[in-house]
Amino acid sequence: SPTDSEDEFFEALESQEAASEGEKEALQSPEGIKHQLGKKVLLTSGKPLDVPITQDPLVMTEDMVVEQSHVLSELGTSEEAAKIRAKMQSGQLMSDMEAFKAANPGCLLADFVRWYSPRDWIEEKTETESESLAKGRLSARMEMPGNVWVEMWDAAKPIPAKRQKRLFDDTREAEKILHYLSGLSVRQMVCLVMPVLLHAAYNRLQSRMNFSELSSGAKALKQCRGKLAGLVQSNDEEIAAYAALISMLADSEMLCAKADALREQLDYGYRNYLKIDSSLPVQMPKAELGEMIASLVEGGEMHLKGGGSRGLGGKIVQGLLLANQESPSKKEKLPPPIGREFILRTQISGLPQRMYGVLAQDEFRIAGAFTNFAAYH
């Protein structure tokens with residue numbers, strides 16, 4: 001009869017509504033599986049325990065970390081504040097739980113813990129060595145009343161990662177950044193980019209500097225690197241530190257510029273000397289060139305090995321003088337000398353004697369250093 005059919009239809013609906021949520025999940029097809037977790041199986045069904053495809057960890061900028069830390073610290077230390085704090089930090093955990101449920105229909109929290117936090121799963125020894133038959137229990141931390149993991153597991157739905165709400169919404173974050181930048185003053189903008197500019201300047205100097213030639217430059221850059229490591233923010237308290245770093249980087253850049261200019265001039269003089277003596281190597285010896293540059297940059301002078309004519313330094317000087325005579329352009333000529341120096345050395349009975357004289361535009365100086373046997377006087 002019609003009445004009987006209606007009653008039967010009503011009873012069928014009632015039985016479907018009475019089905020537990022776990023049974024409904026068990027009937028679903030697995031989704032979003034990455035790979036199987038070894039030989040482990042689900043505790044209830046014995047099906048393979050599959051690792052799900054999850055979303056990438058939440059990307060947080062430095063400002064976002066500071067903002068979140070400030071919000072969490074404002075919550076206080078009460079039990080309710082602790083729960084709120086845990087939930088605020090559990091977005092990734094909820095996403096992973098939902099992905100795990102989608103990949104393993106009918107699974108339990110214990111199955112999730114075995115994959116996600118193995119230290120919270122205490123294995124119980126069995127007679128068989130088969131990993132698939134291993135039994136155990138949750139740790140005391142997981143079984144505590146009011147555990148956030150238990151509450152989140154009950155609230156999580158079987159949703160694969162591809163259908164979940166994005167943990168990191170790049171569009172929304174980009175809009176927030178543009179809104180923030182539009183309200184900055186020029187001073188705030190300069191302070192914001194200062195750490196980036198200083199790191200870029202350091203990397204540029206590091207790539208340019210020849211550390212084998214300039215030991216003082218290498219030491220200065222090492223000090224800069226130590227200070228830069230601790231300066232990653234752009235607050236007002238670090239403006240003085242930035243000024244000191246800029247001064248250190250400027251000094252290092254000056255050393256690089258002097259070394260580059262000297263290298264160019266010394267190589268220019270050597271190439272011009274090859275016109276006089278073509279038997280020399282086409283390229284200047286790098287070791288001697290480095291010693292000359294280090295002596296001139298760090299000490300202001302260098303010792304001409306082999307004298308003013310036979311040594312490499314003397315040959316470079318002769319090449320520069322030759323280029324100065326042949327160059328028709330005033331820009332390419334060397335500047336006029338500021339003076340002439342004369343040094344006379346000799347030995348009398350094995351005792352060194354030295355006389356020094358300098359002739360400049362507005363002065364003339366002469367000095368001597370003489371030795372003798374004190375026993376004869």
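Q: What percentage of the contacts in the chain with a separation of 6 or more comes from residues 24 or more positions apart?
A: This is a predicted model. Contacts here mean heavy atoms within 4.5 Å. Among those with a separation of 6 or more, the share from residues 24 or more positions apart is 54%.

Q: How many helices and strands does the chain have?
A: The chain has 377 residues, and 27% of them are buried. Its secondary structure comes to 14 helices and 7 strands.

Q: What part of the accessible surface of the chain belongs to carbon and sulfur atoms?
A: The accessible surface comes to about 25900 Å². The part that belongs to carbon and sulfur atoms is 57%.

Q: Which helix supplies the largest share of the nonpolar patch?
A: The patch lies on the surface and is formed by Ile177, Leu178, Tyr180, Leu181, Met189, Val193 and Leu197. Together they have about 620 Å² of accessible area. Both α8 (170-182) and α9 (186-208) supply at least two residues each. The largest share, 4 residues, comes from α8.

Q: Is Tyr180 buried or exposed, or in between?
A: Tyr180 sits in helix α8 and belongs to the nonpolar patch. Its relative accessible area is 44%. Buried means under 20% and exposed means over 50%. Tyr180 is therefore partly exposed.

Q: What length does helix α10 reach from its first C-alpha to its last?
A: Helix α10 covers residues 215-229, which makes 15 residues. At 1.5 Å a residue, 21 Å is expected. The span in the model is close to that, at 21 Å.

Q: Why do the buried residues of α10 lie on the same side?
A: The buried residues are Gly217, Leu221, Cys224 and Leu228. An α-helix has 3.6 residues a turn, so residues three or four places apart point the same way.

Q: How far apart in space are Arg271 and Leu320, C-alpha to C-alpha?
A: Arg271 is found in helix α11. It is partly exposed, with a relative accessible area of 38%. In sequence, Arg271 and Leu320 are 49 residues apart. In space, C-alpha to C-alpha, they are apart by 9.2 Å.

Terms used. Residues are numbered from 1 along each chain as its sequence is written. This is a predicted model: local features need pLDDT of at least 70, side-chain atom pairs count only at pLDDT 80 or more; totals for chains, interfaces and linings use all residues. Side-chain values use heavy atoms; hydrogens and water are left out. Patches are made of residues with over 30% relative accessible area and no salt bridge: like charges are joined within 9 Å, nonpolar side chains (Val, Leu, Ile, Met, Phe, Trp, Tyr) within 5 Å. Accessible areas come from the Shrake-Rupley method with a 1.4 Å probe; for residues, only the protein chains shown count as cover. A salt bridge is a side-chain nitrogen of Lys or Arg within 4 Å of a carboxyl oxygen of Asp or Glu. Buried means under 20% relative accessible area, exposed over 50%, partly exposed in between (1.4 Å probe, protein chains only). The expected span of a helix is 1.5 Å times one less than its number of residues.
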